[in-house]
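Welcome, and thanks for taking a look at this protein with us. Please open the sequence and the 3D view side by side before reading on.

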Amino acid sequence: MSTFNTTRFGQALKCQFVLGRKMWIRLFGIFTFVLFMAGLFWTRVQGTNYDYMLENWSAEDLYRNYNHDVEQTVFFGVIFFCFSLLFGASFLFSSMKDTRKRSAFLLWPVSNLEKYVVNLLLSIFWLAIITVGAYLLADTLRVFVDWATGRIVIWGFPKLAEPFAQNAAFEHWQSAWMFFTWVFYIHSLFIVGGTLFRRQQFLFTSMSIIVVGILLVSFLSHLDLHIDFIRHSWDEKTSTYSTTYYPFFYILHTMLCALIVFHYWASYKLFTRMQVINNKWLNV
């Protein structure tokens, strides 16, 4: 059997998607409900009462304050999206918990690489699409409720592009490199945890990261190292901040990129060692 066949992979992806369609629909409903309730909380529970603002504030002040409330729903949506990706990464093989499902999946007439990529695409990219769709529906429902109750209508979804329209956060390519490196590094840790742990993957992976992080910080604090990564300085002539990136910045993030590749490779290798009958807490 060849390592990767496009036609065979497409059929396996379609089959796995159809088998898990009930789970995807259930997750979409749960995500929509949570995001809709969060939208109602930020616009109707917390903050100043809307009727009070309507009676005592000017139209400009009312719009500015309510726009801020909508921005809070957008911020919550971004945080929820990040956690959904980590959730999807840690539950990479959640469909293989019992022996029957485990046996059925491992005995598929496809290669291990194809099986791994199928689960990777569904648990990461498809879950990301579901989360975005849930936010769109939740935002639409919130706007409909605002319109039906006579409030001003402010959409939240277009505001997701505002941080990217302001290029201050990624003024230097090093800043973008640092941001995406840490995002993918954390995500790769949950990928490994989702493959290594057989039960409670998200919980055990999160606990492991926290414990190792605390131990690492404690160890480095005892060494009393003074290493410069980035330096921000104020230029009085141009009235702007200048940023200096030291060599260790490039060394650290190059090492993190290598670790990201290693984590994905380790996750695949752990998957190839999975057995049909396994009553242990680890998939090894």
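Here is a short tour, going from the overall layout to helix packing, salt bridges and aromatic rings.

Please keep in mind that this is a predicted model. The protein chain contains 10 helices and 2 strands, and 34% of its 284 residues count as buried.

**Overall layout**

- Starting at the N terminus, the elements of the protein chain follow the order α-α-α-α-α-α-α-α-α-β-β-α.
- Among the contacts in the protein chain with a separation of 6 or more, 75% are between residues 24 or more positions apart.

**How α6 packs against other helices**

- Two packed helices can be described by the angle between their axes and by the distance between those axes.
- For α4 and α6, the angle is about 155 degrees and the axes are 9 Å apart.
- An angle over 145 degrees counts as roughly antiparallel, so α4 is roughly antiparallel to α6.
- The crossing in which α4 passes α6 is right-handed.
- On the α4 side, the residues making this contact include Tyr 66, Val 70, Phe 80, Phe 81 and Phe 87.
- On the α6 side, they include Ile 124, Leu 127, Tyr 135, Arg 142 and Asp 146.
- Asn 112, Leu 113, Lys 115 and Tyr 116 of α6 make the contact with Tyr 264, Ser 267, Tyr 268, Phe 271 and Thr 272 of α10.

**Salt bridges**

- The structure holds 6 salt bridges.
- One of them joins the side chains of Arg 8 and Glu 114, at 2.8 Å from N to O.
- Arg 8 belongs to helix α1 and Glu 114 to helix α6, so this pair ties together parts that are 106 residues apart in sequence.
- Buried or exposed, what are Arg 8 and Glu 114? Both are buried.
- Thr 6 is also found in helix α1 (residues 6–19), and its relative accessible area of 63% makes Thr 6 exposed.
- Between the C-alpha atoms of Thr 6 and Glu 114 there are 8.9 Å in space, although these residues are 108 apart in sequence.

**Aromatic rings**

- Searching the whole structure turns up 20 aromatic pairs.
- The ring centres of Tyr 50 and Tyr 66 lie 5.4 Å apart with the planes at 70 degrees, so this pair is edge-to-face.
- The pair links distant parts of the chain, with Tyr 50 in helix α3 (residues 50–56) and Tyr 66 in helix α4 (residues 59–90), 16 residues apart.
- Tyr 50 and Tyr 66 are both buried.
- Phe 144 and Trp 147 have ring centres 5.9 Å apart and planes at 40 degrees, so their pair is tilted.
- Both Phe 144 and Trp 147 lie in helix α6 (residues 112–148), where they are 3 residues apart, about one turn of the helix.
- Trp 147 counts as exposed because its relative accessibility is 59%.
- Phe 93, Tyr 116, Tyr 268 and Phe 271 are linked into a cluster by ring pairs.
- Tyr 116 of α6 and both Tyr 268 and Phe 271 of α10 also take part in the contact between these two helices.

How values were computed: Residues numbered from 1 in each chain as written. Predicted model: local features only at pLDDT ≥ 70, side-chain atom pairs only at ≥ 80, totals over all residues. Heavy atoms only, no water. Phe/Tyr/Trp six-rings, centres within 6.5 Å; stacked < 30°, edge-to-face > 60°. Helix = DSSP H or I, 4+ residues; strand = E, 2+ residues; numbered from the N terminus. Buried < 20%, exposed > 50% of the residue type's maximum accessible area, 1.4 Å probe, protein only. Salt bridge = Lys/Arg side-chain N within 4 Å of Asp/Glu carboxyl O. Contact = heavy atoms within 4.5 Å. Axes fitted to C-alpha atoms, helices over the stretch in contact; angles between N-to-C directions. Parallel < 35°, antiparallel > 145°, perpendicular 65-115°, else oblique. Left-handed = near helix turned anticlockwise from the far one by under 90°.
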